[in-house]
Every structure is written in structure tokens, then in C-alpha cells.
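Trainee: I am new to this structure and would like to learn how to read it. Could you walk me through it, one feature at a time?

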Amino acid sequence: MLAKVLKKRRKELGLTQNEIASKLNVTRQTISNWENGKSYPDVPSLISVSEVYKLSLDVLLSKNDDYITKVKHDYQLINERKKARHLDLYMLVIVVLIITSAVISSFVHDEVSEKIISILALLLTLALIPMSYIRTLLFYHGDSTNLFVPKVSGLGMTINPNHPIGKVFWIILFVGLVILLIHSVLII
């Protein structure tokens with residue numbers, strides 16, 4: 001276990017937790033938490049620990065399944081946050097395009113152009129629904145059992161896609177927009 005290795009090696013080196021903390025630019029409490037198994041150093045800190053304790057990473061990581069699991073979990077969270085940032089950017093672009101189409105439609109006065117712009121806005125909204133669904137799923141991970149949860153960004157509430165009724169609502173919303181889009185296309 002990493003905690004035991006750290007504590008044992010610090011004592012072998014004749015160093016206090018304060019001295020180690022100073023060398024690693026962390027608090028004494030952080031060292032204490034590492035030695036008691038309450039938390040683990042992140043990867044960059046672990047490399048510094050390896051240098052200060054004069055131990056190879058192999059020695060520090062051998063038989064430390066908890067730490068390996070924590071690192072895998074951390075990287076999974078980092079990847080999810082990257083996906084979420086990309087989704088946020090795509091959704092922002094779509095919202096800007098929807099607003100732009102609304103502004104353009106106020107200047108267009110022929111019926112065909114208005115319908116084409118309306119269909120474009122519906123298509124963009126249709127693309128926004130699954131992105132919003134996925135973004136909310138990434139944020140809540142099934143953590144909440146409430147039907148209504150705070151929005152991922154901005155003020156207000158949204159329907160929880162992890163809730164059974166919430167899933168039905170999202171499907172109904174998507175199908176409703178598809179029907180509206182088909183109807184709009186058919187009346188051109």
C-alpha cells in the first residue's frame with residue numbers, strides 16, 4: 001500500500017512530515033493524508049515524491065491497486081470534461097446559428113425563404129436536443145434520482161435524463177421536433 005511505503009521511507013530518511021511537505025510544496029496535512037491513505041498524490045506529485053524519497057515509480061506503484069484505480073478514475077473524469085467542453089462549444093455554435101436564423105428571418109419577407117429559414121432553425125434545434133441530453137448525462141452520471149435537476153449551465157432546472165420519466169420526456173421532445181420538421185417540409 002502506497003501509504004505504508006511513504007511513511008516507512010520518510011522515517012528511513014529521517015525526515016518529518018513538515019520537511020517532506022516543504023520539499024514537495026504541499027502542506028503537512030497533505031503528507032499526513034497520503035501516509036494515512038486518506039488521499040493520494042496526483043501523477044505529477046507522485047513523480048516528485050519518487051525523486052524526494054529516492055524511490056522508483058515501480059516501487060511506489062507496486063501492489064497499489066487503489067492508487068492505480070484512482071488514477072484511472074481521474075483520467076476518465078478528465079476525458080469526460082474534455083468531451084463536455086467540446087459539446088458546450090458545439091451547442092454554443094448551434095445556439096448562435098439559431099439566433100442568427102431568427103434575426104435573418106425578420107428581414108426576409110418572401111414566404112419560401114421564411115420557410116427555409118424555419119426548417120433550418122428546426123434542424124439546428126433537432127441537433128441541439130441529443131447534445132443537451134448527452135451533456136446532462138455526462139454531468140450527472142446517474143448521481144441524481146430526482147426528475148428535475150439544476151441545469152448544467154445557466155439558471156433553472158432541466159429534466160434528468162437518468163430518471164425513467166426523464167428519458168421518456170427527452171424522447172418525446174426529440175420525436176415531437178422530428179414530426180414538426182416533417183410537417184414543415186411537407187407544406188413547402
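**Helices and charged pairs**

Mentor: The crossing of helices α7 and α8 is left-handed, a term used when the near helix is turned anticlockwise from the far one by less than a right angle, with right-handed used if clockwise. Helices here are DSSP runs (H or I) of at least four residues, numbered from the N terminus. This is a predicted model, where local features need pLDDT of at least 70 and side-chain atom pairs count only at pLDDT 80 or more, while totals for chains, interfaces and linings use all residues. Residues are numbered from 1 along each chain as its sequence is written, and side-chain values use heavy atoms, with hydrogens and water left out.

Trainee: At what angle do α7 and α8 pack?

Mentor: Axes are lines fitted to C-alpha atoms, for helices over the stretch in contact, and angles run from 0 to 180 degrees between N-to-C directions. For α7 and α8 (residues 164-186), the angle is about 165 degrees, and the axes lie 9 Å apart. The two helices are therefore roughly antiparallel, the word for angles over 145 degrees.

Trainee: Which residues of α7 and α8 meet?

Mentor: Contact means heavy atoms within 4.5 Å. On the α7 side the residues include L122, L126, I129 and Y133, and on the α8 side they include W170, F174, L177 and L181. The residues of this contact divide into 15 nonpolar, 4 polar and 1 charged. Nonpolar covers Ala, Val, Leu, Ile, Met, Phe, Trp, Tyr, Cys and Pro; charged covers Asp, Glu, Lys and Arg; the others, Gly among them, are polar.

Trainee: How many salt bridges does a search of the whole structure find?

Mentor: Side chains of opposite charge can pair when their charged atoms come close. A salt bridge is a side-chain nitrogen of Lys or Arg within 4 Å of a carboxyl oxygen of Asp or Glu. The search finds 5 of them. One joins R10 and E35, with the closest N and O atoms 2.5 Å apart. That pair links distant parts of the chain, since R10 is in α1 (residues 2-12) and E35 in α3 (residues 28-35), 25 residues apart.

Trainee: Are R10 and E35 buried or exposed?

Mentor: Buried means under 20% relative accessible area, exposed over 50%, and partly exposed in between (1.4 Å probe, protein chains only). R10 has 9% and is buried; E35, with 7%, is buried too.

Trainee: What separates K70 and D74 in α6?

Mentor: They are 4 residues apart in α6 (residues 65-107), which means about one helical turn between them. K70 is partly exposed at 23%, and D74 is partly exposed at 26%.

Trainee: Where do D88 and R135 sit?

Mentor: Their side chains meet in a salt bridge at 2.7 Å, N to O. D88 is in α6 and R135 in α7 (residues 111-140), 47 residues apart, so this pair links distant parts of the chain. D88 is partly exposed at 32%, whereas R135 is buried at 12%. Elsewhere, K8, R9 and E12 are linked in a network of salt bridges.

Trainee: What covers the buried residues of α3?

Mentor: Those residues are I31, S32, N33, W34 and E35, and their cover includes α1, α2 (17-24) and α4 (43-53). After α3 comes G37, whose phi is positive, near 75 degrees.

Definitions and conventions
Parallel < 35°, antiparallel > 145°, perpendicular 65-115°, else oblique.
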